[in-house]
Amino acid sequence: MTALPAALATAVLVTAGVVFFVAGTVGLLRFPDAMTRLHALSKADNLGLGLIVLGLLPQAASVSGALKLLAIWLLTQVAGATVTQVMARAIWRGASPPGASPSHASSSEAPRS
Amino acid sequence: MSATLVADGVLVLLLLGLALRATAAADAFAAVVAFVAFGLLLALAWMRLHAGDVALTEAAIGSGVTGAVLVAAAMRLPPTLPHIPPEADPEAAFPKAMPGGAARPEVMPGWAARPKVILGEAAIRLAALLLSGLVTACLAGLVLWTTGPSHSQAATALRHLPELGLYNAVTGVLMAYRGFDTLMEKIVLLLALVGVWSLARDTVWGGRPFPAAIPAQGGAVTLIARLLPPIGIVVAVYLLWVSAEEPGGAFQGGAILAAMWLLVLLAGLRQAPLLGSRLVRWTVAVGPAIFLAAGFAGFAFPAGFLSYPPGVAKAMIILIEFPLLLSIAVILGLLVTGPAERRP
Amino acid sequence: MPEFLLIAAAVILLMVAIGLVRILRGPSDFDRMMAAQLLGTGGIAALLLLGIATGLPGSVDLALVLALLAVFVAVVFVRGLAASPDPSPRDAEVRR
Amino acid sequence: MSSLTLFGLCAAGLIGIGLYGALVDPQPLRKILALNLFGAGTFLMFGVVSRRGADAGLGGDPVPQAMVITGIVVAFAATALAVALLLRIFQATGDTVLEPTGTGEE
């Protein structure tokens, strides 16, 4: 169906992407606190999805389809990075006042009110 | 084939698990998170059912915009039941120590003191369980029992599409074959908006939504709110444009536009509009009004209400759909922001 | 090739399912949001894999829409829509 | 067991879960959420019917699909109205609980 080099590239890149998803999930479950878990999540977000989109590029049916895939890739890269930053800041602010719990006491400035 | 079945099986189990989580979670916020995740996966299921248009609608409206409404409500309401008997200490009812609220009580604390109610409650739960179990069993039996192809109106719906210049059958059904439904649905949206607006206190009528102005955020939120809306606008117009041939449409595009607008409001880059302003009222009304006018224009031709004259059908549909896109976006956004809560 | 992509999609969905334990366990709402974020990303990946493997029309468009909405939802979760404390005194008492 | 049957069973399950939640949960917000799940299940059932009606070269019958799109939008409108009503009740009374029958004041 597809040329061998293209199929090979897809297989390698998609597999690598899946590996990052596995790593991200394991990290999300096993890491000790919110910040480190966020670190794990961002790996799945950026590298996992990025590699899979790159891997699917050779399989795209048309040039416009490939361009759309690239647009998705760009969008998720930028969005993933900024969302991670937003969340990290909210976690940081929510956790920082001594003795205050993130989801309750600091409701006037951080994270959710 | 079996790989598809495995993927679908995982998807179905995930859907059911998230639905259970959304009903069983003690914490309202956790339930809403599960619901949004559920909607996202449901879009995948719609894709697998070869319903791309529905998948887009579910993702944008069923999960995205509905999720925003529910999150806003979950954050303004107490996490569990606020109904505390006078002697109970609110601190004890809602311990503040656990960040995620893991220690919050599952049920209303007052119930523990009322054994009679517990009995009644158990009976109600059992009856509800039996009833919903019965409904599920009947439906499941129906699904397993009837396996053949179902009666289809696909051919009927397709018949007139070429004359309309449309190749996406779902758009064709929405705009022509059952255009009356679509018109009515706009009216329902408008009525819902009127209903939401009517809940404002008299003193703030015509004012702005949200109890106070949202301050500008700065940082990454502002960056996203500046970066994403231009992309979102392109995607929304694209979705409307391709809806003649591929999955897409005014609702899906409108929901994306609404999400982008809400993003800008959340970042504090713009203030929510005065609900009494003439601009808001006109924007909300223009799409449905043009649709209605086009419907009445159908009387000028032999076919009657909501019929499109041959030859100019496609131009007319585009003329109807672009104002609709704008109106839908504003209506959806205003349904999320809610009634006026501060003075004009 | 389609078989391989489908298996990859199933594995990712499975991973996402396991990650959802975080929605269940928390402990903080941020952990729940992270699990939802992972679900969004994994959902987009699975959708692209499924769509390209089985040639579903519009799957790439849906992925684009999901990518946009995932950001929107994440910001809504973090920021909240009601940006200021509610005037009702009762609310302050039981506020999350 | 085909994929389509799986989705049909999923729809039946969702309807059951949603119905149970809407009947039993005393919090109105959670009732609204459960009703949305109920609706999602109903729509999914429609989707299965639509897919079984695949005909004339289409992946599914477009008429149920269009009805589901309308349904999702109307469900959203109803949800938004219900939530606004709930928030207003909470604002006015400081309470959101629908009293269980037969239990007044303590």
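In this report a helix is a DSSP run of H or I at least four residues in length, numbered from the N terminus. By that rule Thr23(B) belongs to helix α1 of chain B, which covers residues 2–24. The model discussed here is a predicted one.

**Thr23(B) and its surroundings**

Thr23(B) has a relative accessibility of 17%, and it counts as buried because the limit for that class is under 20%. The side chain of Thr23(B) comes to 2.9 Å from the backbone oxygen of Leu20(B). Leaving aside residues up to four places away in sequence, Thr23(B) touches Ile17(D), Gly21(D), Asp25(D), Arg30(D), Ala34(D) and Leu37(D). Two of the names in that list, Ile17(D) and Gly21(D), carry numbers that fall in helix α1 of chain D, residues 3–24. This helix of chain D has 22 residues and spans 31 Å from its first C-alpha to its last, close to the 32 Å expected at 1.5 Å a residue. Helix α1 of chain D is mostly covered, with 18 of its 22 residues buried.

**The interface of chain B and chain D**

**Salt bridges in the model**

Side chains of opposite charge can pair when their charged atoms come close.

| Salt bridge | N to O distance |
|---|---|
| Asp61(C) and Lys68(A) | 2.9 Å |
| Asp8(B) and Arg48(B) | 2.8 Å |
| Lys186(B) and Glu185(B) | 3.6 Å |

The pair of Asp61(C) and Lys68(A) crosses between chains, running from helix α4 of chain C (residues 59–79) to helix α3 of chain A (residues 63–95). Asp61(C) is buried, with a relative accessible area of 2%.

Asp8(B) and Arg48(B) also meet in a salt bridge. Asp8(B) lies in helix α1 of chain B and Arg48(B) in helix α2 of chain B, so this pair ties together parts that are 40 residues apart in sequence. Asp8(B) is buried at a relative accessible area of 0%, and Arg48(B), at 11% relative accessibility, counts as buried too.

Lys186(B) and Glu185(B), the remaining pair, are both named among the buried residues of helix α9 of chain B. The relative accessibility is 3% for Lys186(B) and 2% for Glu185(B). Helix α9 of chain B, residues 179–198, has 20 residues and reaches 29 Å from its first C-alpha to its last, close to the 28 Å expected at 1.5 Å a residue. Other buried residues of this helix include Gly179(B), Leu183(B), Leu189(B), Val196(B) and Trp197(B).

**Chain B beyond these sites**

Chain B holds 13 helices and two strands, and of its 344 residues 58% count as buried. Among the contacts of chain B with a separation of 6 or more, 75% are between residues 24 or more positions apart. In the loop between α2 (28–48) and α3 (52–76) of chain B lies His50(B), which has a positive phi of about 60° although it is not a glycine. Most residues other than glycine have a negative phi. His50(B) counts as partly exposed, at 31% relative accessibility.

Gly133(B) is found in helix α5 of chain B, residues 115–145, and is partly exposed at 36% relative accessibility. The C-alpha atoms of Gly133(B) and Arg281(B) are separated by 46 Å, and the two residues are 148 residues apart along the chain.

**Chain C**

Chain C has five helices and zero strands, giving the pattern α-α-α-α-α along the sequence. Of its 96 residues, 76% are buried. Residues 24 or more positions apart make up 45% of the contacts in chain C with a separation of 6 or more.

Terms used: Residues are numbered from 1 along each chain as its sequence is written. Chains are lettered from A and ligands numbered from 1 in the order in which they are written. This is a predicted model: local features need pLDDT of at least 70, side-chain atom pairs count only at pLDDT 80 or more; totals for chains, interfaces and linings use all residues. Side-chain values use heavy atoms; hydrogens and water are left out. The expected span of a helix is 1.5 Å times one less than its number of residues. Buried means under 20% relative accessible area, exposed over 50%, partly exposed in between (1.4 Å probe, protein chains only). Contact means heavy atoms within 4.5 Å. A polar contact is a pair of N or O atoms within 3.5 Å; within protein, one must be able to donate a hydrogen and the other to accept it, and residues adjacent in sequence count only if both atoms are side-chain atoms. A salt bridge is a side-chain nitrogen of Lys or Arg within 4 Å of a carboxyl oxygen of Asp or Glu.
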